[in-house]
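Subject: Structure handover

Hi,

Here is the structure for your files. My notes follow below it.

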Amino acid sequence: MLQVIIACLPGVLALTVFFGWGTLINIFWLSLWALAFEALVLSLRQKQPRFYLKDYSALLTAVLLGICLPPSVPWWLGIVSIFFAIVVAKHLYGGLGQNLFNPAMVGYVVVLIAFPLEMSTWILPRGAFSTPPDFLSSLSFVFTHADPGIDAYTGATIMDVFRNERGGLTLAEFWQQNSKSGFIAGLGWDWVNLGFLLGGIWLLYKGIISWQIPVSVLLSITILSLIFYDNGSSLSAGSPFFHLFSVGTMLGAFFIATDPVTAATTPKGRLVYGALIGCMAFIIRVWGAYPEGFAFAVLLGNFAAPLIDYYTAGKKSHER
Amino acid sequence: MSLFGGIVLALLLLALFCGLTLAYTAQKFSQQDTSLVDQINALLPQTQCAQCSYPGCRPYAEAIAQGEAINKCPPGGEQTISLLANLLDQEKVALDSNYGQQGPVKKAFIREQDCIGCTFCIQACPVDAIVGAPQQMHTVIADECTGCELCLPPCPVDCIDLIALPETELSLPAKSLTEQACIRCGLCVDACPVDLLPQQLYSFIQGKAYEKAASHHLEDCIECGLCHAVCPSHIPLVQYYQLGKSVLQHQDEQFQLAHHAQERFQQHEKRLARLNAEQERQRQARSKLAANAAAQRELIRAALSRARGRQQGDQQ
């Protein structure tokens, strides 16, 4: 799991370059609390915290959650989120390996539903009329909410903006009018996704994750976005490039959906599981009201994973 | 294509897909229409011991279907009660101790030097497992005996013993020093050459959900040991699968035995019915014969009295 954390580095670097120090602050703040909660629950369960903390699973949850949370969230929101991830989603279900749902995504969804305002404002990317806040003002915003200038840095993500503008503008007009367009998708987001893609490919190369889940997630998103591309009209759901390289696609496909504990485990089942997550993520992000559909899609996939496994396991599975 | 058209097309395709899936599953998973009594009867141990106060397993099954309590079967014990509770969607209850205690499986054994050949036990046996003849020594066919104890009370010389079978002890493998808890990393799934779900099978067997393990194809496991070899928690997975398989085999044998006993009980019932019918037929034939004889005697008596009257007339 240490290698997965290392594989996150390129994406985290891109996030930091474009959206400021918030992501790094999130990661360190959540890691601190994750380790504390993990140690607390382990000692309550009369296990040896020192032994179990060395598996880095709590740390990985904290890193993934820190990446998912907006860089501008206040300090208490992070604690709520990591509490639900580590204590409720993981240890109340029986600890590492026994959890039914991806802990990081449970933590994310809890705060997304409970605190929608904080969760739907992102720092504006570098280059869109602004530069992200420096380290000190990020810190003071996260911990004291004191920086009055923070409103100048924040706004909705490109996915939200896109959804709101849909129906009015053709794709070409949208990207022309919107100052946040990058070279593939949204400004900054394309680099972030390329970073996570790089990390994901390294994980594949090292054999830590298998190819089926990311490939089938990305393929299903590509196919759905091709169907609903609608030749770039004002009702278009966006181009495949936009969907593959904006917000959390690569992170979700390579780092979140591939969690071995909560995913389907048979080779065929992984393909089905990935396709389910890709389709749900696309549907929720295009027609839903949340800033990103991946968290819900992964949790829905977790629901279905045992059933998928049941019908795809065994040599005689084709006879059933 | 407009978005509206796209949505209509997608919904049509979805409806078509759902319809086909429903039709397919309805075909494939249609339940065989067995009556509730048969389903209940299949779960009872078929010892025909009548400890439940009904004269055999099937009558008790019929009573349960009518609403009788499910905890009156001591030979079946906890397992039968939980199976019945599952089938009938009832709460599990403890065995009613008024009807006996659950014990180990026993077999009847006749001390042959003491047997006087009275045939009372032969008549009491519900599965015809005792052979013998009047004034001849009797003996129990051990394979057919269900241990119902019904032959004990009729024996006038108390020459029948019940001997408990040695039980095979099936327990989970002992934890080794290097063994850790399963973290469901899935390495074993990648290693399994027959595409099973070793981590699922392990957790089912650990939780004694053997039927679940069977439905996840435990019997396909070839016990190659690759899952154990790759397991980072060093869990002796193959030992768990062997345990699961032997438990399932044991359950299967029990089921076969119960089925066999049920068949023998049905044969026994049929034979009794046939004997009764035969006796009834003979009795009716005898009474008919007797009625005929009486009628003839009446005729003779009438003829005699007429002859006697005629003689008296002649004399006068």
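Chain B puts 19 residues in contact with 16 residues of chain A; contact means C-beta atoms, placed from the backbone, within 7 Å. On the chain B side, 10 of these residues are nonpolar, 6 polar and 3 charged. Nonpolar covers Ala, Val, Leu, Ile, Met, Phe, Trp, Tyr, Cys and Pro; charged covers Asp, Glu, Lys and Arg; the others, Gly among them, are polar.

This is a predicted model: local features need pLDDT of at least 70, side-chain atom pairs count only at pLDDT 80 or more, and totals for chains, interfaces and linings use all residues. Residues are numbered from 1 along each chain as its sequence is written, with chains lettered from A and ligands numbered from 1 in the order in which they are written.

Confidence next. Chain A has a mean pLDDT (the predictor's confidence in each residue, from 0 to 100) of 85, and 90% of its residues reach 70 or more. Among its elements (DSSP runs numbered from the N terminus: helices H or I, at least four residues; strands E, at least two), strand β2(A), residues 154-155, has the lowest mean, 68. Helix α13(A), residues 212-227, has the highest, 94.

In α13(A), the buried residues (20 or more other C-beta atoms within 10 Å of their own, C-beta atoms being placed from the backbone) include Ile213(A), Val217(A), Leu218(A) and Leu224(A). The buried residues of α13(A) pack against α12 (189-205), α14 (240-244), α15 (249-256) and α16 (267-287) of chain A.

Leu65(A) is in contact with Leu30(A), Ser81(A) and Tyr108(A), among others, leaving aside neighbours within four places in sequence.

Best wishes

Notes: Two residues are in contact if their C-beta atoms, placed from the backbone, lie within 7 Å. A residue is buried if 20 or more other C-beta atoms lie within 10 Å of its own, exposed if 12 or fewer, and partly exposed in between; C-beta atoms are placed from the backbone.
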